[in-house]
Amino acid sequence: MGELLRLLFDAVAYIWPFRLVYTGEEGGYYVCGKFWKKVGPGWPWPVLPWFMEVRKYPVVPAIYASKRLDLTLRDGTLLSCTVTATGQIFDFNLAINTVDSYSETVVELTSAVTARFLVLKGKADLAPEHWDSVTSELTRRLNAKSKKYGIKISGVVFTTFVFNPRVFRLMQDAGVGMEW
């Protein structure tokens, strides 16, 4: 009986002719599958089932973290780092309709721009007293690249930053036998 009731409620919610967009979200009004306009939070937006749809996405700032980057700097120093970027949608249509997944795009773009930026630096350029200028320049470069995807980057933070990390072998050399 509970499953039937749940199915009934889901059917009514699907056919219900109004959609709500909540605070912290923006919605895209789609008519016959084509983007028509952006809608904001507030009033219930009318829809005709099967012909119109309101898709909602969060537009509040979010933190996107890169995977670990292992880079060789200009002076031959090995650098291992991870970086986080705070990003927010500023153009709904660009962020949602021109790229498959804007959140994955921000992560990949952050990794690529950071790697390209850092490999052109030397160890002396990345000393702690230069971090403010490094992060502000990196934020500026990320904003220049992410603008075409409708994303604004408001800050970049290095979560790990290690020069010349030590490598620990998990397996021995192939020529040496292992004893169990």
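Strands, as I use the word, are DSSP runs of E with at least two residues, and helices are runs of H or I with at least four, numbered from the N terminus.

**Ground rules.** I am looking at a predicted model, where local features need pLDDT of at least 70, side-chain atom pairs count only at pLDDT 80 or more, and totals for chains, interfaces and linings use all residues. Residues are numbered from 1 along each chain as its sequence is written, and side-chain values use heavy atoms, leaving out hydrogens and water.

**Second largest pocket.** I looked up its lining (residues with an atom within 4 Å of a pocket point; a pocket is an open set of points on a 1 Å grid over the protein atoms alone, where a 1.4 Å probe fits, with protein on both sides within 12 Å along at least five of seven lines). I found that β8 (78-89) and β9 (151-163) each supply at least two lining residues. Strand β8 gives the most, with four. Among the lining residues I noted R68, D70 and T160.

**Largest pocket.** Here I listed Y14, W50 and F51 among the lining residues. Strand β5 (residues 52-58) provides the largest share, four residues.

**Nonpolar core.** Of its 31 residues, Y102, L118 and F158 touch the most other members. Helix α3 supplies the largest share of this core, seven residues.

**Y102.** Leaving aside neighbours within four places in sequence, I saw Y102 in contact (heavy atoms within 4.5 Å) with P58, Y64, I89, A95, I96 and I151.

Key: A nonpolar core is a set of buried Ala, Val, Leu, Ile, Met, Phe, Trp, Tyr and Cys residues joined through side-chain atoms within 4.5 Å. Buried means under 20% relative accessible area, exposed over 50%, partly exposed in between (1.4 Å probe, protein chains only).
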